[in-house]
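Please read the briefing below alongside the sequence and the coordinates.

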Amino acid sequence: MPESVDAVEMQTALLRLRRTSGLPVAFGGLLADARHARIAELNGAQTSALRGLVISAGSGLGGKAIALSRPCAVTDYHSSRHISHEYDLAVAAEGLRSVVAVPVVVRRKVRGVVYGALREPITLGDRTFDAAVAAARDVEQALVVRDEVRQLLAVTRDQVTDPRAAPEAWEDVREAHRELRALVPKVVDPALRDELLAVCGRLASAAGSRSPKPCEVQLAPRELDVLACVAAGATNAVAAARLGVRPETVKGYLRSAMRKLGAHTRLEAVVAARRAGLLP
């Protein structure tokens, strides 16, 4: 999954950095281990000199940012006395002069680095720094979501095979299902999103196998998201906060789901969805 974050979330963050800062070049990558980051994505580059470059902690501008766990910048990369110069050839090949590097930090651990650069030796202002930090934060949030997904997937893979599981075990399954569905809209990578939805489907199907009379009902993804929150006891306001929508939107999805399920109350809708194998 690290490659997915590099290829999707990192690309999105770099594009945002260029648009919001006006910088012509942005690039970055994740750490392969505790001390080395690999530049995997380029945006606005004229050559491939930087692609695949492995940055060691403490070396160059990005390595300094990794080691100090804070943003670092130079006005003229080649003449700067504040960094080491292991990567001068690659930087010169791309013609970069003024560069900012921001570490991607998740739970106090550096996980990657994002760069923005100019081809002129100009001092970077606050707007540029803010844009670079915001881009790094985008990647951080993507990694947080990915970490949560991996933890939930590890838990749920062991919970979908036994339809005779004890009631308390099924409460864990239902909570995992709700959390997974809440994460789906936050995932940019389509392959990971499909995997999440597949696991959600297996959780619901396992529950449906416990029902003697499953029925055929088609609910929209957001209708299922809302019902999963409702099944966990969430109010419309809490469901809206979890899903990142307005309470009125939650009400609309809930009304639609109730109509399709032939339910007159929230509880009836949850029960009907479980009987239909749509919720665990």
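The points that follow are grouped by topic.

This is a predicted model, in which local features need pLDDT of at least 70 and side-chain atom pairs count only at pLDDT 80 or more, while totals for chains, interfaces and linings use all residues. Residues are numbered from 1 along each chain as its sequence is written, and side-chain values use heavy atoms, with hydrogens and water left out.

**Sheet**

- Five strands form an open sheet in the order β3-β1-β7-β6-β5, with antiparallel pairing; strands are DSSP runs of E with at least two residues, helices are runs of H or I with at least four, both numbered from the N terminus, and two strands pair if DSSP finds at least two bridges between them.
- The edge strands, each pairing on one side only, are β3 (41-43) and β5 (72-74).
- From one strand to the next the twist averages 15 degrees, where axes are lines fitted to C-alpha atoms and angles run from 0 to 180 degrees between N-to-C directions.
- Strand β1 (residues 25-30) pairs with strand β7 (residues 109-118) in the antiparallel sense over 6 bridges, and Leu30 has Gly112 as its bridge partner in β7.

**Positive phi in loops**

- Ser69, in the loop between α2 (60-68) and β5, has a positive phi of about 60 degrees although it is not a glycine.
- Ser69 is partly exposed, with a relative accessible area of 35%; buried means under 20%, exposed over 50% and partly exposed in between, with a 1.4 Å probe and protein chains only.
- Arg107 has a positive phi of about 50 degrees, although it is not a glycine either, and lies in the loop between β6 (98-106) and β7.
- Arg107 counts as exposed, at 59% relative accessibility.
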